[in-house]
Amino acid sequence: MTEVFVHVYDVTNSASVKTNAAIVQLNKLLRDGIGLGGVFHSAVEVYDHEEWSFGYCENGSGVFSCSKKGNPMYTYRETVSLGYTNCSSLKVNQILTELSREWPGYSYDLLSRNCNHFCDQFCERLGVQKLPAWVNRFANAGDAAVEAAENTMKRLRQAKSDLISASKVAYRFLFAGPSTSSVDPDLGLLDNGSPNGSGGGLLRFSILKAPVTLISKNCLGFQDQGSVEKSQAENVCNDGNDFRRPSL
């Protein structure tokens with residue numbers, strides 16, 4: 001068994017000295033003062049005096065090594081023990097060979113596939129604990145925010161698609177004109193014309209035409225059945241004929 005370490009650096013590879021100093025101060029505040037995390041680079045040491053990490057390059061593998069705590073691109077900060085691995089030196093070399101193929105340099109992504117993600121994967125295969133959460137908290141938070149935004153946009157696009165489809169159906173229903181459907185002029189019912197005449201596929205929808213028809217008839221002087229019967233009764237009485245109710 002051998003102990004595994006992660007070496008943590010402040011990311012100070014900016015061309016601006018002021019920017020690098022600001023990052024160091026930010027990390028000091030967020031990590032030491034609040035305990036949240038910061039902007040860090042990490043590398044894993046196992047068995048020898050080298051540390052292994054991952055970075056961007058156009059061609060070839062992004063997996064690389066350098067002397068422990070000696071990466072010249074960043075400012076060394078601290079070392080954390082991750083426990084002990086049962087992997088032999090030969091097995092570790094095999095794992096690194098596999099990771100070198102799986103992590104090409106062009107696949108690097110600041111939020112979802114950075115050096116800290118690589119170290120987590122390396123530690124998982126070594127059978128030790130992953131990096132402390134504070135090492136990669138900013139990248140994880142940023143990645144979660146991006147994922148949430150993408151999911152929101154997907155839902156909005158789906159809602160827009162559903163709305164457009166519903167609008168097309170409504171437009172065809174209202175403005176398509178004569179088709180296989182028919183409208184009863186008196187009842188105001190829409191019939192989609194069942195091919196077998198059975199009515200099993202009928203869609204009936206009141207369009208408030210019946211009330212309009214009744215109003216129109218009344219305005220034109222038509223009388224309802226009750227008015228007609230009343231008028232007939234009055235005529236019988238006026239003629240002098242007896243009008244008796246039927247005996248019960």
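Predicted model: local features only at pLDDT ≥ 70, side-chain atom pairs only at ≥ 80, totals over all residues.
Q: Is C115 buried or exposed?
A: C115 counts as buried because its relative accessibility is 6%, and the cut-off for buried is under 20%.

Q: And C66, buried or exposed?
A: C66 counts as buried too, at 16% relative accessibility.

Q: Switching to H41, where is it placed?
A: H41 lies in strand β2, which covers residues 40-46.

Q: Buried or exposed?
A: H41 is buried, its relative accessible area being 2%.

Q: What is H41 in contact with, leaving aside neighbours within four places in sequence?
A: H41 is in contact with H7, V8, Y9, V11, S53, F54, F64, N71, Y74, C115 and N116.

Q: Now the helices. At what angle do α2 and α3 pack?
A: About 145°, with the axes 11 Å apart. Helix α2 spans residues 89-102 and helix α3 residues 115-126.

Q: Left-handed or right-handed crossing?
A: The crossing of α2 past α3 is right-handed.

Q: Which residues make the contact?
A: From α2, V92, I95, L96, E98, L99 and E102; from α3, F118, Q121, F122, R125 and L126.

Q: How many of those are nonpolar, polar and charged?
A: Seven are nonpolar, one is polar and three are charged.

Definitions and conventions
Residues numbered from 1 in each chain as written. Heavy atoms only, no water. Buried < 20%, exposed > 50% of the residue type's maximum accessible area, 1.4 Å probe, protein only. Helix = DSSP H or I, 4+ residues; strand = E, 2+ residues; numbered from the N terminus. Contact = heavy atoms within 4.5 Å. Axes fitted to C-alpha atoms, helices over the stretch in contact; angles between N-to-C directions. Left-handed = near helix turned anticlockwise from the far one by under 90°. Nonpolar A, V, L, I, M, F, W, Y, C, P; charged D, E, K, R; others polar.
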